[in-house]
Amino acid sequence: LVTLSYAAEWLLCQRFGYGGREMQPMRLVSCVVHSLNAALVLQLILRLGVTRPWALLGAALFAAHPIHIENIVYLVGRADALATLFSLLVALIYLRRTCGRTPSLPWYMYLVLILLTAIA
């Protein structure tokens with residue numbers, strides 16, 4: 001998945017005239033993935049029942065921590081960012097489907113969770 005995303009970005013950069021400046025759009029994509037991760041961390045913390053101010057602080061710490069910023073600066077960190085994205089999606093889907101008024105997880109959702117975990 002990571003290699004395919006690099007290849008698609010490279011082709012789009014060549015097509016739209018970013019020849020020689022391919023790193024700018026690639027870092028933009030990494031920044032978008034990191035921003036999605038921070039938003040998903042916020043949703044996860046809120047889903048776990050933490051109050052909004054503390055959840056915002058936790059998500060901000062996740063977003064600003066140097067180990068995560070490294071994934072934007074160095075393009076090889078895309079694998080970590082995508083793994084985090086799919087892992088957070090799995091956790092949120094699981095919590096959404098099993099915690100609530102009528103907790104239920106149909107059989108096909110187990111397949112979706114297994115697929116997303118395998119992608120991560």
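Here are a few questions and answers about this predicted model.

Q: How many helices and how many strands are there in the protein chain?
A: Let's start with the overall make-up. Reading from the N terminus, the elements run α-α-α-α-α-α. The count for the protein chain is therefore 0 strands and 6 helices, since helices and strands are taken as DSSP runs.

Q: Are helix α2 and helix α5 roughly parallel or roughly antiparallel?
A: Helix α2 covers residues 23-47 and helix α5 covers residues 78-98. Their axes come within 9 Å and cross at roughly 30°. Angles under 35 degrees count as roughly parallel, so α2 and α5 are roughly parallel.

Q: How many nonpolar residues does the contact of α2 with α5 have?
A: On the α2 side, the residues include Val 29, Val 33, Leu 36 and Leu 40. They meet residues of α5, among them Leu 85, Leu 88, Leu 92 and Leu 95. By class, this contact has 3 charged and 4 polar residues, and the nonpolar ones number 15.

Q: What percentage of the residues in the protein chain is buried?
A: The C-alpha trace spans about 55 × 35 × 20 Å along its principal axes. The accessible surface comes to about 8000 Å², with 70% of that belonging to carbon and sulfur atoms. Counting as buried those residues under 20% relative accessible area, the buried share of the 120 residues is 31%.

Key: Residues numbered from 1 in each chain as written. Predicted model: local features only at pLDDT ≥ 70, side-chain atom pairs only at ≥ 80, totals over all residues. Heavy atoms only, no water. Axes fitted to C-alpha atoms, helices over the stretch in contact; angles between N-to-C directions. Helix = DSSP H or I, 4+ residues; strand = E, 2+ residues; numbered from the N terminus. Parallel < 35°, antiparallel > 145°, perpendicular 65-115°, else oblique. Contact = heavy atoms within 4.5 Å. Nonpolar A, V, L, I, M, F, W, Y, C, P; charged D, E, K, R; others polar. Buried < 20%, exposed > 50% of the residue type's maximum accessible area, 1.4 Å probe, protein only. Areas by Shrake-Rupley, 256 points an atom, 1.4 Å probe, with all protein chains shown as cover.
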